[in-house]
Amino acid sequence: MKISWLYRFLRPIFTFLMKLLFRPIYIGLENIPKEGRVVLAGNHTGYLDCGFLISSTKRTVHFLAKKQLLDGPKKIFFGNMGIIPVDRSIHDKNALGAAIDALKHEEIIGIFPEGTINRTDDIIMPFKIVAVYMAKDTNSKIVPFVITGTYNIVGKGIKIEFLEAIEVRDVLDKENDKLMKIISKELEENYECN
């Protein structure tokens, strides 16, 4: 996928601001491959999650995101940020095809398998199968990530941990359950420590 000059221009500025304002703690950055196709998959805590993932690597991260982000004036910004719009009212094969194409071109796809921000009392919501489907279809590794803490301006509060990459080899339902358990277990351990 072609990335616009706007993304290249704004990314370092955005990264600087995210680090200045929120002082995020990154763990396991070495688990993000410097090249090759990869799916970043993890829990979804808030609107700034994408920003923290973008700030974690110099590589371009393409996110599957709701198509409404391309409505009206928002399109000027989000249309140049490498997002892949998804129509969440249907099984959007076009979005899935675009994500798979990006992976086949050795790109990074960022995805929140919960499908939306978790506003429930549950530690994690059930995962949709698309992350493991894409990974298996393109022979891509999945790097699970876990976001914990709160968005505190000018104070440490948010932590993003990237776990060891996994490969998808088994039946998709089993692999999806495995991915969810890896992330859920890490979330539980983080909350126990706080």
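I took two strands to pair if DSSP finds at least two bridges between them, and I applied this to a predicted model.

Entry 1, strand pairing. I looked up the partners of β7 and found that strand β1 (residues 25–27) is joined to β7 by 3 bridges, with the two strands running parallel. Within that pair, I noted I160 of β7 as the bridge partner of Y26. On β6 I found 5 bridges to β7, this time in the antiparallel sense, and here V146 has E161 of β7 as its bridge partner. I also checked how covered strand β7 (residues 158–162) is, and 4 of its 5 residues are buried.

I located V143 in strand β6 and read a relative accessible area of 0% for V143, which is under 20%, so I list V143 as buried. Leaving aside neighbours within four places in sequence, I found V143 in contact with N31, P33, V38, V39, L40, A41, F162, L163 and A165. From V143 to L10 I read 25 Å, C-alpha to C-alpha, across a sequence separation of 133 residues.

I then followed V39, whose contacts beyond four places in sequence include L103, I109, M134, I142 and V143.

Key. Residues numbered from 1 in each chain as written. Predicted model: local features only at pLDDT ≥ 70, side-chain atom pairs only at ≥ 80, totals over all residues. Heavy atoms only, no water. Contact = heavy atoms within 4.5 Å. Buried < 20%, exposed > 50% of the residue type's maximum accessible area, 1.4 Å probe, protein only.
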